Amino acid sequence: MAGVKICKLNKIYPNGFHAVKDVNLDIANKEFMILVGPSGCGKTTTLRMIAGLEDITTGEMYIGDELVNEVSPKDRNIAMVFQNYALYPHMSVYDNMAFGLKLKKTPKDEIDERIKKAAKILDIEALLKRKPKQLSGGQRQRVALGRAIVRKPEVFLMDEPLSNLDAKLRVQMRAELIKLHNELQTTFIYVTHDQTEAMTMGTRICVMNDGVVQQVADPRTIYNAPANVFVASFIGAPQMNFFKGKIADTPVVEVASHVFKLSDHMAEVVKNKGKFNAEVIVGIRPEDIKLGNSSEGLPAKVEVTELLGSDLNVYFKIGEKSYIMKTESSSDVKIGDTIYPVFDMNKLHLFDSETEKSLLY
Amino acid sequence: MKKQTKDHLVFWLFLAPALISFVVVVIIPFFMGLYYSMTDWTAVADSTPVWVGLENYKSMFSDFAFKYSFIRTFLFSVLSVISINLVALTFAFLVTREIRFKNFYRAGFFIPNLIGGLVLGYIWQFIFKSVVPSIGALLGIDFIENLLLLADPNLTLFGLIFAFTWQYAGYIMMIYVAALLNVPQELLEASEIDGANFWQKLISITIPMIAQAFTITSFLTLVSSFKQYDIIVALTNGGPTDLYQGQVVNSSELLAMHIYNVAFKYNNMAEGQARAIIFFLVLSVVSIAQVYYNKKKEVEM
Ligand SMILES: Nc1ncnc2c1ncn2[C@@H]1O[C@H](COP(=O)(O)OP(=O)(O)OP(=O)(O)O)[C@@H](O)[C@H]1O
Ligand SMILES: [Mg+2]
């Protein structure tokens with residue numbers, strides 16, 4: 001069992017592309033760490049460097065206490081689940097799982113025992129004699145997991161293992177993976193671009209963009225206290241509303257011609273940062289906007305509504321600016337209605353308009 | 001019903017050109033050959049062939065030169081298949097790595113295949129007879145200076161195999177290159193993470209994944225070494241002669257050449273034809289067995 005420590009990691013591909021920039025990441029033992037970010041942000045590259053499949057351009061990488069920059073994949077005691085599973089097509093499921101153990105000269109009956117146990121956990125006992133091509137996507141995915149489990153690695157690496165599955169199976173496998181993590185008590189590093197996976201599975205989340213780490217924190221913190229505009233916009237669906245504003249020392253934040261009074265706590269923080277009279281980006285999550293009556297809120301026009309079963313997303317306009325709010329599906333808001341949305345001032349997010357960093361956290 | 005008849009007509013119409021030419025140039029000559037192999041035909045004009053039954057086959061099996069040629073051909077084929085495939089596979093590995101000028105190397109290894117066997121044979125004759133000894137003299141190594149591969153009945157086969165490998169390995173290499181490029185990189189990476197070193201990756205992943213190429217290459221090399229003719233004509237023309245079990249034999253007269261000699265040099269057309277039939281049968285059995293065996297080992301994807 002081991003943690004993974006990454007210091008100032010950089011990857012520059014031979015064609016000169018700088019894919020990973022100064023990444024620092026300290027992954028504790030037994031943690032379920034999620035790397036999340038939009039396509040092309042360097043998640044896979046980072047994971048492959050941890051696995052040893054990609055050379056490290058500069059920086060240091062430790063697994064446990066050992067510096068592994070120059071250690072080849074086979075000596076890192078890691079296991080990896082590839083996006084396309086990468087099962088050996090010419091071997092049966094059993095042999096796929098046994099391959100790594102045989103290479104390590106594990107005794108035959110121990111191999112057998114470990115495979116039986118893993119197969120039981122993953123519910124693939126009936127499939128052991130089959131070839132990979134005789135399996136469904138979900139079964140292949142479980143075999144790929146099985147191949148990783150039986151080796152009892154110090155670190156599990158997974159690169160979007162659920163992305164090939166249909167929505168229902170994905171939800172089911174998500175739960176299975178969380179269970180598996182609890183059972184195995186091993187470090188997991190999991191790459192995804194799906195924010196739901198990130199929020200539900202991780203003990204901590206590392207949000208990346210353009211090769212740069214944006215924020216590393218537990219899911220709750222990422223959601224409630226995003227460190228910058230990117231994290232705030234990437235996590236959460238529908239997306240957080242953003243608008244430009246200016247802080248006055250009343251203390252209020254002026255948005256267009258409207259003023260919102262800051263909560264005492266926020267006023268305090270902003271004052272300490274010397275940001276009175278500064279231009280800011282204001283953010284508010286859709287669920288932090290409530291429907292009010294005409295005396296409470298500003299008049300707004302409903303443009304589109306989206307019913308999502310339990311929730312109703314309402315797209316509305318105040319002046320020329322569009323917003324989204326989330327309300328109960330029972331409310332009978334219709335397109336063209338005039339509503340009076342109320343912003344929950346305690347849930348406001350304020351970002352510096354230049355650095356886009358949060359002023360609050 | 002109507003449509004079906006029309007479909008049938010179209011089917012046969014399209015098949016006809018290929019079928020007719022196949023029948024005319026392969027099937028009919030084959031059966032004519034079968035017939036002639038049981039006569040005393042000599043291809044002399046005006047003489048009608050006389051039916052002799054299996055006489056030609058009997059004499060063939062009691063002919064020492066034929067048996068000798070047969071054994072030498074087997075030896076040559078087995079060694080050639082091994083040597084060509086080893087060289088081709090090694091080169092294929094080298095030119096599929098991330099090296100500079102790899103396309104240049106690929107083309108370079110392939111070019112000998114474009115040179116005709118006769119020309120190539122004469123080039124290698126020159127090399128074996130003059131270049132190798134003079135290099136030996138230059139280096140002062142007696143062994144190399146006195147190494148006359150083509151003049152020694154025991155070594156001449158190796159000279160042939162060497163030249164043949166040089167000609168054919170580049171072609172086979174191309175087949176391996178295509179196969180190697182098709183092996184998913186992810187599988188190799190997965191096996192690396194599973195703990196495989198270079199050789200374990202090669203044996204457990206790469207080789208099984210290119211099994212299909214093995215079927216093709218071993219078929220091609222087997223058949224073409226069995227039928228090898230032109231390089232031998234240019235290199236040794238069957239020689240040098242040797243004494244084997246008290247009989248005079250031509251140490252590099254392989255089957256194709258043997259048959260040619262019997263038929264055209266000694267003008268025993270019918271006898272040559274009989275040997276060609278046996279040659280055909282043996283080659284068919286061997287290559288079908290080989291393809292069958294290799295097919296079984298191929299990976300189902
Ligand atoms: N071999 C390579 N040579 C040059 N650039 C590369 C190479 N591999 C990846 N890149 C670039 O590096 C960046 C990061 O790639 P990476 O595969 O890590 O993205 P990712 O975050 O995993 O994206 P996705 O979610 O789409 O899988 C991309 O912009 C990609 O174009
Ligand atoms: Mg990726």
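**View 1. Contact surface of chain B and chain A.** In this predicted model, 19 residues of chain B are in contact (heavy atoms within 4.5 Å) with 22 residues of chain A. About 1,900 Å² is buried between the two chains, 63% of which comes from carbon and sulfur atoms; buried area is the accessible area (1.4 Å probe) that two parts lose on being put together, summed over both. Glu186(B), Ile193(B) and Asp194(B) provide 36% of the area that chain B buries against chain A, more than any other three residues.

**View 2. A salt bridge between the chains.** Asp194(B) and Arg151(A) are joined through their side chains by a salt bridge at 3.1 Å, N to O. Chain B and chain A share 2 salt bridges (a side-chain nitrogen of Lys or Arg within 4 Å of a carboxyl oxygen of Asp or Glu).

**View 3. Helix H13 of chain B.** Buried residues (under 20% relative accessible area, 1.4 Å probe, protein chains only) include Phe279(B), Leu283(B), Ser287(B), Gln290(B) and Asn294(B). The buried residues of H13(B) pack against helices H1, H2, H3, H10 and H12 of chain B.

**Notes.** Residues are numbered from 1 along each chain as its sequence is written, and chains are lettered from A and ligands numbered from 1 in the order in which they are written. Local features need pLDDT of at least 70, side-chain atom pairs count only at pLDDT 80 or more, and totals for chains, interfaces and linings use all residues, while side-chain values use heavy atoms, with hydrogens and water left out.

How values were computed. Buried < 20%, exposed > 50% of the residue type's maximum accessible area, 1.4 Å probe, protein only. Helix = DSSP H or I, 4+ residues; strand = E, 2+ residues; numbered from the N terminus.
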